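Please read them with the model open.

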Amino acid sequence: MHRLGQLESTIMDRMWSYQGAAAVRDILEDIQREREIAYMTVKTVMDTLHRKGLLMREPDGRAFRYRPTQTREQYAAAHMGEVLAGGSDRTATLLHFLEQIPADEVAQLRAVLDQAAQPKAQTQVQTQASE
Amino acid sequence: MSVPLLLFTYAVAAAAVAPLLSRGTWADRSPRVGIFVWQALSVTIIAGIVFAGAALAVPAMPFTSNLAEFLQACVMTLREQYSTPGGALVTTAGGITAVAVVARVGFCLIAELASAYRARKLQLQSLALLGRRDSSGQFLVVEHAEAAAYCLPGRHNEIVFTSAALGALDEDQRAAVLAHETAHLRGRHHLILAAANAIHRAFPRLPAFRIARTELTRLIEMDADDRAARSSSRLTVAAAVVRLAEAGSTPNVALGAGGTSALARVRRLAAPTAPLGALRVVLTVSAAAAMLVLPLTVAAAPAVSSAYAQTCPTGFPAST
C-alpha cells in the first residue's frame with residue numbers, strides 16, 4: 001500500500017514535468033532508466049490516478065494518452081487552500097503553528113517583538129562597548 | 001430527591017464558573033494546569049447532569065459485590081419507584097436525561113474523531129504527491145507561496161512546512177517551529193481539541209463549553225510554545241510566530257470574536273510572567289481533581305452509606 005503510494009507520486013512527478021500528453025510507455029521508459037518496473041504496474045497506477053481525477057486521458061490508437069488535470073501549482077494551491085481554510089475552523093484534523101492573522105494584527109505582533117528584542121540588543125551593544 | 005437536586009445545582013454552578021475562570025491570565029502562566037482545569041470543568045458539568053439523572057432514576061442503589069443480590073435489589077427499588085405515577089415519571093425522566101447526555105456526547109465525539117480521521121487521510125494522500133521530505137527527514141515541504149506550518153496528528157503523523165514558510169524562517173526559528181509542532185504531536189493535543197469540539201458540538205448553546213473550547217485551543221498553543229522555548233529561546237519562538245504571520249496570507253474575512261491568540265502568545269513569549277507558584281499549582285490541580293470525582297461521590301454516597309449500614313450496623317453513621 002505504501003509502495004503503491006510512492007509509485008503514484010513518482011508517476012505524478014513525471015506527468016507534471018512532461019509538456020503535453022504522455023502514454024504509459026513514455027512513463028514506463030522514463031522510470032525504467034532508474035529501476036526495473038513492469039508495464040502493467042505502471043498502467044494500473046495510471047488508471048488509478050485517472051479514476052482519482054488526477055489524470056485525464058484520450059484514446060490514441062489502442063492505448064491512451066494521459067495528461068494531468070491540474071498543474072502541480074494548481075493542485076498544491078487547492079490542497080493548501082483546504083489546509084488554510086481549516087485553520088480558522090478549528091477542527092482537530094491538523095494543528096497549525098499559527099492561525100491566519102489579519103493585517104493590522106501582524107503589525108502589532110511585530111511591534112511587540114521589536115520592543116522585547118530592543119533592550120537586549122542595547123545591552124549587548126553596551127557590553128561590547130565596555131569590553 | 002436531595003441528591004439529584006444537589007448534583008444538578010452543582011452542574012449549573014460549575015457551568016456558571018466558566019466565564020469567571022476565563023478571566024485573568026492565571027492559565028496563561030501555566031498552560032498545562034489550565035488545560036487540566038478546563039478539561040475537568042467540562043467533564044464535571046457533564047458528569048453532574050448524568051449522575052443527577054441517574055440518581056433520579058435509581059435513588060439508592062444498593063452497594064454489594066453479590067451480583068444476584070444487586071440485581072434483585074435493583075428490581076425491587078425500581079418496582080417501588082414505579083408503583084406511584086409521580087415516581088414513574090421522575091424515574092423515566094431521570095433515566096432518559098442520563099442516557100441522552102451520555103449518548104449525545106459519545107456520538108459527537110465519534111463523529112468528530114471520524115471526520116478528522118477522514119480529512120487527515122485525504123491530506124496524507126495529497127501530501128504523498130506534493131510533499132518532498134526534507135534532508136533531515138523530520139518534515140515534509142510543499143511548494144507554496146503562502147507561509148504555513150502545521151502537523152497532521154495520528155498514527156502516520158507528519159509535520160509540514162510550505163516552501164514560503166521555510167524561506168521566512170532562519171535555522172533557529174525553523175527548529176523552534178519544529179519543536180512546537182512536535183510538542184503538539186507528543187502531547188496528543190489533537191485529542192484535547194477533538195474532545196473540546198465534540199462537547200461544544202453536543203451542547204452548542206451552553207457558553208461554558210464554548211469558552212472551554214476557546215481556552216483549550218489557546219492553551220495547547222501556549223503549552224507547545226513553552227516546550228519549544230526549552231530547546232530554543234523564548235524570543236526565537238516569538239520571532240518565528242511573527243515571521244510566519246508576516247509571510248502568511250491575511251484573510252480578508254473577519255475572524256470570530258475574541259481575535260486571534262497570536263498576540264497573547266507573542267506577548268507572553270516576549271515578556272514572560274513567572275509560572276504559577278508550586279502552592280497554587282497544587283491547590284488548583286487538587287481542586288480540579290476534586291471536581292472530577294465529586295459528582296460520582298455524591299451520586300454514590302447514599303448507596304455507600306447504606307452498604308456500610310448493612311455491613312457495620314453499629315458505630316457508623318448510616319446516613320448524614
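**Notes on the predicted model**

1. Strand β4(A) and strand β3 (residues 149-152) of chain B are joined by 2 bridges and run antiparallel. Within this pairing, His96(A) stands opposite Tyr150(B) in β3(B). Note that the model is a predicted one.

2. The pairing of the two chains belongs to an open sheet of 5 strands, in the order β4(A)-β3(B)-β4(B)-β2(B)-β1(B), and the pairing in this sheet is mixed. At the edges stand β4 of chain A and β1 (132-133) of chain B; each has a single partner strand, so one side of each is left without a neighbour in the sheet.

3. Inside that sheet, strand β2 (residues 140-142) of chain B runs parallel to strand β4 (residues 158-162) of chain B, and 3 bridges join them. Val141(B) is found opposite Phe161(B) in β4(B). Helix α5 (residues 85-130) of chain B packs on the sheet and touches β2, β3 and β4 of chain B. The direction of α5(B) makes about 120 degrees with that of β3(B).

4. How many residues does each chain bring to the contact? Chain A brings 34 residues and chain B brings 51 residues. On the side of chain A that touches chain B, at least two residues each come from α1 (2-17), α4 (72-89), β4 (95-96) and α5 (103-130) of chain A. The most is given by α5(A), with 10 residues. By type, the residues on this side of chain A are 20 nonpolar, 9 polar and 5 charged.

5. Chain A also holds an open sheet of 3 strands, ordered β1-β3-β2, with antiparallel pairing. The edges are β1 (22-23) and β2 (55-60) of chain A, each with a single partner strand, so one side of each has no neighbour in the sheet. Between β2(A) and β3(A), the antiparallel pairing extends over 6 bridges. One position to look at is Pro59(A), which stands opposite Phe64(A) in β3(A). Helix α3 (residues 39-51) of chain A lies across β2 and β3 of chain A and runs at about 120 degrees to β2(A).

6. Arg67(A) lies in strand β3 (residues 63-68) of chain A. Leaving aside neighbours within four places in sequence, Arg67(A) is in contact with Gly20(A), Ala21(A), Leu55(A) and Met56(A). Met56(A) is 11 residues away along the chain, yet its C-alpha atom is separated from that of Arg67(A) by 5.5 Å.

7. Two helices of chain B deserve a separate look. Helix α3 (residues 31-57) of chain B has 27 residues and reaches 39 Å from its first C-alpha to its last, close to the 39 Å expected at 1.5 Å a residue. Of the 27 residues of α3(B), 23 are buried, and the helix is mostly covered.

8. The other is helix α11 (residues 262-270) of chain B, which is largely enclosed by the rest of the structure because 7 of its 9 residues are buried. The buried residues in α11(B) include Ala262(B), Val266(B), Leu269(B) and Ala270(B). Arginines are buried there as well, namely Arg265(B), Arg267(B) and Arg268(B).

Definitions and conventions
Residues are numbered from 1 along each chain as its sequence is written. Chains are lettered from A and ligands numbered from 1 in the order in which they are written. This is a predicted model: local features need pLDDT of at least 70, side-chain atom pairs count only at pLDDT 80 or more; totals for chains, interfaces and linings use all residues. Helices (H or I, at least four residues) and strands (E, at least two) are DSSP runs, numbered from the N terminus. The expected span of a helix is 1.5 Å times one less than its number of residues. A residue is buried if 20 or more other C-beta atoms lie within 10 Å of its own, exposed if 12 or fewer, and partly exposed in between; C-beta atoms are placed from the backbone. Two residues are in contact if their C-beta atoms, placed from the backbone, lie within 7 Å. Two strands pair if DSSP finds at least two bridges between them. Axes are lines fitted to C-alpha atoms, for helices over the stretch in contact, and angles run from 0 to 180 degrees between N-to-C directions. Ala, Val, Leu, Ile, Met, Phe, Trp, Tyr, Cys and Pro count as nonpolar, Asp, Glu, Lys and Arg as charged, and the others, Gly among them, as polar.
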